Amino acid sequence: VDVVAPGSSIYSTYFDNKYEYQSGTSMASPIVAGVAALVKSAHPKWSGQEIIDQIIATADDIDEVNPYFAGKLGGGRVNAQAAVGDRFSGVRLNLVSYLIQDPNGDNDDEYEPNEVLNLYTTIKNYSGVQAVTAALTSNDPWITILNSTSDHGIIESHRSRTNLEKPYKIFIEPNIPADHKAVLHLEIRANGISAANERIDLTLASSWSRPHVFWHDESNQQVVGLMKDGRLLTVLDMDNNPPLYDGIYATIREPGGTFSPLERLSGTTGWTRPPDMDFDPNGNAHVIYSRNDPFPDEELFYTRYDVMSDSWTDELKLTSGADIVTINSVTGKNTYIAADSSGLRHVVWADQRSKPALYYTYHNGQAWQPETKIYDPNGPTIVPLALLDKKDGTRYLFFDLRPEGGGDKVTYFIKGSGSSWQEPNQLTTFAWQSPPVLIHDEIYLLFQEQCFDDLKLALFSGIDWVFLEKIMDNPFGTMCSCKASMTRADDGSFRLAYDRFDSDETWIRYVDWTVKTQDGWADPVTLNRFNTYLDHPKIEADFNLDDHILAKNWEPSGSGWYGNAKPAYLTTSSITADLLPPRPEVTDDGVTTTNPRRLHTEWSSSHPSGIHTYMYAVGTAPGSADVVDWTRFTGAISYTRSMENFPLLAGQDYYVSIQAHSNAVYTSSLGVSDGIIYLPGDFNHDGIVNLPDFAVFSRYWMETNCYAMSHCGDADFEPDGDVDLEDLAFFLAYWLKHY
C-alpha cells in the first residue's frame with residue numbers, strides 16, 4: 001500500500017441516473033486518481049513517477065486513528081492541497097511493519113515472563129535517499145530494553161529496510177501481571193536528525209494462546225462441546241477445497257492437548273450446511289446437518305458419536321424431498337437437535353419445500369419417527385435460533401419471524417414435552433440478541449435493547465425474558481451484527497467471548513473474552529494477535545477451569561483483503577513445547593540476487609505427528625505478504641517462484657516467511673529467511689557492483705546462445721532472451737547511479 005483515501009459511505013453516481021452511498025476501493029481509487037490529475041495540472045512537466053512521489057510524500061499520517069492498520073497505510077491519507085504545492089523536499093520515514101520473536105524462550109510466540117524478545121522493525125523511506133537509525137524507549141516498569149538502538153543503513157527512495165542483524169531486545173520482568181499492555185516508542189532518525197515517532201502496543205504475559213489454525217481449508221461454521229470425560233469435541237462444516245472437500249468433519253482434543261485427525265462424518269456428494277450438536281445423559285454426541293443429496297434438494301442428515309465404541313455411526317438420511325432454508329445470519333444454521341434426559345432425540349428445522357415452515361422429527365429410542373409440521377407462519381420467513389432441553393423434560397424452540405418484504409423481526413418460542421408441541425408464544429424482541437443458551441439447566445440471553453446500547457444479560461422465566469444485569473457498555477463497535485458465546489465453569493463463573501468491529505471504517509473483527517467472578521465482570525481481553533481477523537467464537541470451559549475457543553481466523557493477504565476463514569483454536573490451557581513444531585529454518589540463495597523474476601528458498605521443520613502443511617509468504621518485511629500472499633504448501637521444503645507478476649525492485653530487501661502446521665493441529669512460530677536484496681549487476685553476490693561484476697557481465701554478453709536464464713546468468717535484465725546493448729545500458733545506468 002502506497003497511500004489510502006476515504007472509501008466508506010461515499011455519495012456517488014449509481015445506475016439508472018441515481019446517486020447513492022457506496023463503500024470500498026471503487027470509491028477510494030477515484031479520489032487518488034483525481035489528486036494525481038490535480039498534481040499534473042499544477043505541474044504539467046512532472047513525470048508520472050514525480051507525481052507519485054509527491055502524492056505519497058505529502059499524504060497525512062493517520063496511523064494514530066487507525067491503530068489496527070498502523071504501519072500498513074503507506075504514506076497515509078492523500079492530501080490534495082499539499083500535493084499540488086511545491087515539490088516535497090523534506091524527510092518522510094514510516095514504521096511499516098514489525099515482527100517479534102522469542103528465540104531465548106520456547107519459540108511459541110507467547111511473550112512470557114523472564115523471556116527476552118527480539119523486535120524487528122521495518123522502516124520505509126518515502127523521500128530521498130536517507131541514512132536511517134532508530135531508538136526504542138518505554139516507561140513501562142515491567143519491561144527492560146536491553147538493546148535500544150539500531151542502524152537501518154542507507155534506505156533508497158520508496159524502499160524499506162529491516163534491522164534483521166541487530167534487533168531490539170526486550171526483557172519481560174518475572175512478576176509481570178497477566179495480559180499486561182505495554183507501550184513502546186520508536187524514534188526514527190534520518191542523517192542523525194529526528195524524522196518520525198512511532199508507537200508499538202504489545203500485550204505481554206497473555207492468559208490466552210495465540211490462534212492455532214488447525215486446517216487450512218475454509219470453515220463455514222463449527223460447534224464445540226465438552227464431553228463427560230473432559231475431552232473437547234469439535235464438529236466443523238468445511239468448504240469445498242482439497243484435500244478435504246465440502247463436508248462435515250470432527251476432531252477431539254485430548255486432555256493432554258493433542259487433537260485427533262479430522263474425520264469425515266458426511267457423505268461425499270453435494271455441499272453441506274453448518275451442524276448442530278447435543279449430548280445425551282450417557283455422553284453420546286448427536287449431530288445434525290443438511291446436505292444437497294440429491295441436488296437440488298437439501299436433505300437432513302444425522303450421525304452419532306458412540307462413547308462405548310469410541311466411534312461415529314454412519315450418517316443417516318432423515319428426510320426426503322426437503323428444502324432446508326438457507327443459512328440464517330443469526331446462528332449460521334437452520335437445523336437443531338436436542339437429546340433429552342429420557343433418551344429421546346428431537347430435531348427441528350426450517351423447511352421451504354412449499355413455503356417456510358418449521359418441521360419436527362424425533363427418535364423414540366427405537367427408530368426415527370415420521371416428520372411433522374409443527375408451525376406454519378403462512379408467509380413470513382422463519383429463522384430458528386435455538387432448541388434447548390431442560391432436565392424436567394420440557395424443551396423450548398426459539399425462533400424469529402421476519403415479515404415478507406421487510407420489516408421488524410418478532411421473536412417467539414414454542415414449548416414442548418415428549419413428542420408434542422404447544423402453540424407459539426411471543427417474546428420481548430430486542431434489536432440485537434445472541435441465540436439463547438442453556439447453562440446449568442437455565443436459559444440465558446445476551447442482548448441490546450437497541451443497537452449500540454449496553455450489553456445486558458437476561459434469564460428465561462418460561463414466559464419471557466427477565467433482566468438480570470448490565471455486563472458492559474456497548475462492546476461491538478459500530479455494527480449490530482456481531483456474534484457472542486457464553487458458558488459457565490464448574491466454579492460458577494460465567495465466561496463470555498464475542499466478536500466486535502473496531503469501526504465501520506476498517507471492517508476488521510476482533511474477539512474479546514471476559515469472565516464474571518464474585519468481583520463482577522473483568523475487563524475484556526482482546527485475543528487477536530499476529531495480524532489476525534477473528535470472528536464467530538464458540539467457548540467452552542473444562543473441568544480444570546481452562547477456557548477453549550473455536551473461532552474463524554481470516555488470514556490477511558498482501559493486498560490487505562482477507563481470504564477464506566480457517567478454523568482456529570485458542571486456549572488458556574498450557575500448550576507444551578512438545579505440541580509445537582520447531583520454528584522452520586529458512587535460508588535464501590545468498591545475500592543478493594540479480595534475477596528480477598525469481599526467488600529460491602529452502603526450509604525445514606519436524607514434529608512427531610508429522611508436518612501436514614507449510615504456509616509461506618513473500619514480502620518486503622519479515623512476516624509480511626505484500627509480494628506473495630500467504631499460500632499453502634503441502635509436503636515440500638523448498639520454494640522457487642516466478643516473480644513475473646511481482647517484479648522485484650532494485651535495492652529492496654525481500655523475505656520469505658514460513659509457518660509449519662503439524663498433524664496434531666498446532667502451528668510453529670514464524671520462520672523468516674535472512675533476506676535477499678535485488679541488486680542488478682551484482683553477479684558475484686558480494687553486495688556491491690564493481691569491475692569484477694563488469695567482467696562477469698562481459699562474459700555473458702559475449703555468449704551467443706543465451707536463450708534461458710540459466711545461460712544468461714541473470715544478466716538479461718529486460719528480459720528478451722538475450723544479453724545485448726540494452727542490458728549493458730541498464731547495467732551501466734544502475735552502476736553509475738548507486739555505486
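Some ground rules before the tour. Residues are numbered from 1 along each chain as its sequence is written, and side-chain values use heavy atoms, with hydrogens and water left out. Since the model is predicted, local features need pLDDT of at least 70 and side-chain atom pairs count only at pLDDT 80 or more, while totals for chains, interfaces and linings use all residues. Helices (H or I, at least four residues) and strands (E, at least two) are DSSP runs, numbered from the N terminus.

**Helix H1**

Let's start with H1, residues 25-42. Its 18 residues reach 26 Å from first C-alpha to last, close to the 26 Å expected at 1.5 Å a residue; the expected span is 1.5 Å times one less than the number of residues. Met-27, Ala-28, Val-35 and Val-39 are buried here, where buried means under 20% relative accessible area, exposed over 50%, and partly exposed in between (1.4 Å probe, protein chains only). Looking down the axis of H1, the buried residues fall within an arc of 120°, so they line one face of the helix; the arc is that of the directions from the helix axis to the C-beta atoms. They pack against strands E1 (10-14) and E2 (18-22) and helices H2 (48-57) and H3 (80-83). On the face turned away from the buried side, you'll find the exposed residues Ser-26 and Ser-41.

**The open sheet**

Next up are four strands in an open sheet, ordered E7-E5-E10-E11 with antiparallel pairing. E7 (149-155) and E11 (193-204) stand at the edges with a single partner strand each, so one side of each is left without a neighbour in the sheet. From one strand to the next, the twist averages 20°; axes are lines fitted to C-alpha atoms, for helices over the stretch in contact, and angles run from 0 to 180 degrees between N-to-C directions. Within this sheet, E5 (residues 130-137) pairs with E7 over six bridges, and Ala-135 has Thr-149 as its bridge partner in E7. For strands to count as paired, DSSP has to find at least two bridges between them.

**Hairpins**

| Hairpin | Residues between strands | Positive phi |
|---|---|---|
| E13 and E14 | five residues | Gly-230, near 95° |
| E33 and E34 | six residues | Phe-452, about 75° |
| E34 and E35 | four residues | Gly-462, about 100° |

E13 (residues 219-226) has seven of its eight residues buried, so it is largely enclosed by the rest of the structure. It pairs antiparallel with E14 (residues 232-238) over seven bridges, with Val-223 bridging to Val-235 in E14.

Four bridges join E34 to the antiparallel E33 (residues 442-448), with Tyr-444 opposite Leu-459. E34 also pairs antiparallel with E35 (residues 465-472) over six bridges, and there Leu-457 stands opposite Glu-469.

**Asn-284**

Finally, a loop residue: Asn-284 sits between strands E17 (276-279) and E18 (285-292). It counts as buried, at 11% relative accessibility. Its side chain reaches the backbone nitrogen of Val-307 at 2.9 Å. Beyond its neighbours within four places in sequence, Asn-284 is in contact (heavy atoms within 4.5 Å) with Asp-278, Phe-279, Arg-304, Tyr-305, Asp-306 and Val-307.

Definitions and conventions:
Polar contact = N/O pair within 3.5 Å; in protein donor to acceptor, adjacent residues only side chain to side chain.
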